[in-house]
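Please look over the sequence and the model shown here before reading the briefing that follows. The points are grouped by topic for a reader who is new to them.

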Amino acid sequence: MAAYLLRRVALMVLTLFGISVVIFVLLRLVPGNVADIIFDAAGMINPAEKAGLERQLGLDRPIVVQYGAWMGGLLEGDLGHSYVSDRPALEEIAPRLPITAKLAGLALAFSILFGVPLGVVSAVRQNTAIDYVLRVLSLSGLSMPAFWLGLLILMAFVAWTGFIPIYSETPQSLWDEFLVYSVPAAAVGFRSSALVMRLTRSSMLEVLRQDYIRTARAKGASEPAVNYRHALSNAILPVITVIGIEAAFLIGGLIVTETVFNIPGVARFLVEAIRWRDYPIVQNLVMLIAVVVVVVNLIVDLLYAVLDPRIRYGE
Amino acid sequence: MTPVDYDAELTRAGANASGVWGGLLFLARRQPLGAVGAVIMALVVFAALFADLIARCDPLATSAALSLAPPSAAHWLGADFLGRDVWARIVYGARISLAVGLGSTALGSAIGVAIGLASGYLGGWVDLIVQRVVDILQALPLLVLALVMAASLGPSLRNTVIAIAIPLIPYVARVIRANTLALRELPFVEAAKAVGMSEWRIAVRHILPNTLAPLIVLATAQLGSAILTEASLSFLGLGIPEPHPSWGRMLSESAAEYVRTAPWLVIFPGIAISLAVFGTNLLGDALRDILDPRQRS
């Protein structure tokens with residue numbers, strides 16, 4: 001187990017190093033940097049001034065030196081300065097993190113709360129009307145862009161209550177917070193719950209065909225006991241493994257949903273930083289996302305071994 | 001015991017289906033949801049091909065008088081802020097959506113197949129390097145990588161296709177590699193080697209055609225995500241630039257303002273995106289059941 005863990009962590013570090021190189025190079029392949037954008041916006045270009053700005057931001061140095069400076073800073077906990085606000089990138093990112101984390105947590109909870117039970121129902125009632133309705137519903141959930149679902153929810157709120165549930169001021173109480181985040185979380189979570197439902201359904205169907213289910217029925221166990229105690233507890237395992245995929249899936253939804261609901265989290269910040277070519281912010285945020293995805297996947301793999309005693313790593 | 005009605009059983013298994021239409025009818029009965037998906041996709045393709053005939057007006061023509069006009073007999077789905085006809089823009093938008101979707105899926109699949117085939121068939125250090133690169137690309141969500149790619153390439157139709165194609169590569173490469181690894185051990189490959197065929201010829205002529213079924217299934221699923229990703233990129237202002245009528249662009253950030261004042265600007269482009277993706281998803285599920293029965297759910 002220890003050897004396995006060591007190998008996984010080493011691979012993880014290698015992957016993250018690769019991502020950092022890819023992102024860094026990608027961002028600097030572009031013709032045009034923040035200096036161009038600022039000077040384009042001002043409508044005049046004074047080459048000397050522009051070169052001065054580039055020197056000040058360190059953009060005139062060779063790309064390898066720039067990369068070295070970023071990595072060196074990262075190891076010391078210095079993420080560089082935002083080009084746009086001139087404040088330390090860490091100070092820009094840190095306050096936005098809990099907002100996105102809460103939203104993501106709520107969305108994940110939403111997707112499991114709805115996805116797992118509906119998937120079970122769909123599998124138990126395979127090929128009945130309710131199964132068809134749920135399958136079409138989940139497939140349409142996967143087909144709708146998350147931002148459009150967000151807009152539709154906004155529209156429904158405006159039509160029925162006359163008020164728009166977008167983020168306007170920092171919520172004060174826990175209840176306020178829940179109200180502000182739950183609507184966008186539902187918009188993000190709906191798509192994910194569709195994914196969870198489909199996986200639960202196919203995993204349940206697989207398990208329900210097993211011999212021990214027939215045995216449980218034969219010895220007279222009640223339907224709910226068979227479906228929940230015997231089938232679901234085994235069918236849920238593969239569903240857990242995809243929470244890693246889910247994390248990546250959620251992040252995509254968060255990016256557009258935070259934009260729709262005007263939520264000042266890190267996901268919307270990434271889009272703004274990309275538009276402004278604010279490299280220090282973009283590269284650190286992309287690294288953050290990569291770390292989250294990679295770490296979640298590692299935890300899920302380890303969790304899998306804990307939950308399923310049949311799985312032993314590294315033997 | 002009820003006697004088996006052999007004729008009915010044979011019909012059910014498709015033995016009596018004759019000709020192209022008979023075959024299609026049989027498939028539609030076996031896969032009703034897939035048939036619905038195929039019809040939806042046919043409609044989208046039809047709209048894209050004959051946009052000039054269906055649109056009824058120029059999708060780029062602006063008119064101050066029509067600004068934010070609600071749906072009417074002359075303008076079925078209303079008009080946007082610049083007075084452009086929403087119906088015409090949605091019909092022409094099918095072209096953009098399909099072009100980007102098909103273009104990026106084809107590009108991503110082509111590169112992914114080449115990499116996956118090389119990685120699986122050659123093995124050794126090629127495989128090792130390819131696997132690490134695939135790990136790297138897969139650690140980033142599709143939309144994040146596409147966003148960074150799109151920003152770094154700049155907004156244009158061609159660049160959007162590339163920005164979406166690159167993140168699709170690792171998924172294709174993985175599937176093709178796994179299939180190649182399994183196929184490589186089969187007797188027909190050994191036979192091909194025995195008669196003195198070159199490695200290259202074995203890989204391309206014998207292994208590649210056998211990976212086509214999973215590739216088609218995967219590509220259909222990716223067509224849906226490519227269309228969705230294009231919509232998201234354009235929605236965020238980093239995809240297809242104006243004045244191209246892209247569905248995602250039509251819903252761009254200002255759309256939240258129109259939720260109150262002009263709901264037709266929000267509803268119809270979203271329906272177009274969802275319908276197109278829904279069609280590919282239904283079609284993809286049906287294709288998976290037909291071509292890859294082991295995955296059948």
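## Briefing on the predicted model

Over all chains the count comes to 24 salt bridges, a salt bridge being a side-chain nitrogen of Lys or Arg within 4 Å of a carboxyl oxygen of Asp or Glu. This is a predicted model, in which local features need pLDDT of at least 70 and side-chain atom pairs count only at pLDDT 80 or more, while totals for chains, interfaces and linings use all residues. Residues are numbered from 1 along each chain as its sequence is written, chains are lettered from A and ligands numbered from 1 in the order in which they are written, and side-chain values use heavy atoms, with hydrogens and water left out.

**Where chain B meets chain A**

- On the side of chain B, 39 residues are in contact with 49 residues of chain A, contact meaning heavy atoms within 4.5 Å.
- The size of an interface is often given as the accessible area lost when the parts come together.
- Between them, chain B and chain A bury about 3900 Å², and 78% of this lies on carbon and sulfur atoms; buried area is the accessible area (1.4 Å probe) that two parts lose on being put together, summed over both.
- The count of residue pairs in polar contact between chain B and chain A is seven, with both residues at pLDDT 80 or more; a polar contact is a pair of N or O atoms within 3.5 Å, where within protein one must be able to donate a hydrogen and the other to accept it, and residues adjacent in sequence count only if both atoms are side-chain atoms.
- The two chains have one salt bridge between them, and Arg198(A) forms a salt bridge with Asp285(B), with the closest N and O atoms 3.2 Å apart.
- At least two residues of the side of chain B that touches chain A come from each of helix 6 (124–138), helix 7 (142–153), helix 11 (212–235), helix 13 (255–261) and helix 14 (264–291) of chain B, helices being DSSP runs (H or I, at least four residues) numbered from the N terminus.
- Helix 14 of chain B gives the largest share of that side, eleven residues.
- By class, the side of chain B that touches chain A has 28 nonpolar, six polar and five charged residues, where Ala, Val, Leu, Ile, Met, Phe, Trp, Tyr, Cys and Pro count as nonpolar, Asp, Glu, Lys and Arg as charged, and the others, Gly among them, as polar.

**Salt bridges within the chains**

- Side chains of opposite charge can pair when their charged atoms come close.
- Asp131(A) and Arg201(A) form a salt bridge whose closest N and O atoms are 3.0 Å apart.
- Because Asp131(A) lies in helix 7 (residues 129–143) of chain A and Arg201(A) in helix 9 (residues 174–208) of chain A, the pair ties together parts that are 70 residues apart in sequence.
- Asp131(A) is buried at a relative accessible area of 0%, and Arg201(A) also counts as buried at 5%; buried means under 20% relative accessible area, exposed over 50%, and partly exposed in between (1.4 Å probe, protein chains only).
- Arg87(A) forms a salt bridge with Glu92(A), where the closest N and O atoms are 3.8 Å apart; Arg87(A) is partly exposed at 39%, whereas Glu92(A) counts as buried at 7%.
- In chain B, Glu185(B) and Arg184(B) meet in a salt bridge (3.5 Å, N to O), with Glu185(B) exposed at 57% and Arg184(B) partly exposed at 25%.
- Salt bridges that share partners join Asp80(B), Arg84(B), Arg89(B), Glu242(B) and Arg249(B) into one network.

**Backbone features**

- Most residues other than glycine have a negative phi, and most peptide bonds are trans.
- Glu242(B) and Pro243(B) are joined by a cis peptide bond with omega about 5 degrees, and Pro243(B) lies in the loop between helix 11 and helix 12 (247–250) of chain B.
- Asp86(A), although not a glycine, has a positive phi of about 70 degrees; Asp86(A) lies in the loop between helix 4 (63–75) and helix 5 (89–93) of chain A and is exposed at 54%.
- Arg277(A), although not a glycine, has a positive phi of about 50 degrees; Arg277(A) sits in the loop between helix 13 (266–275) and helix 14 (279–307) of chain A and counts as buried at 18%.
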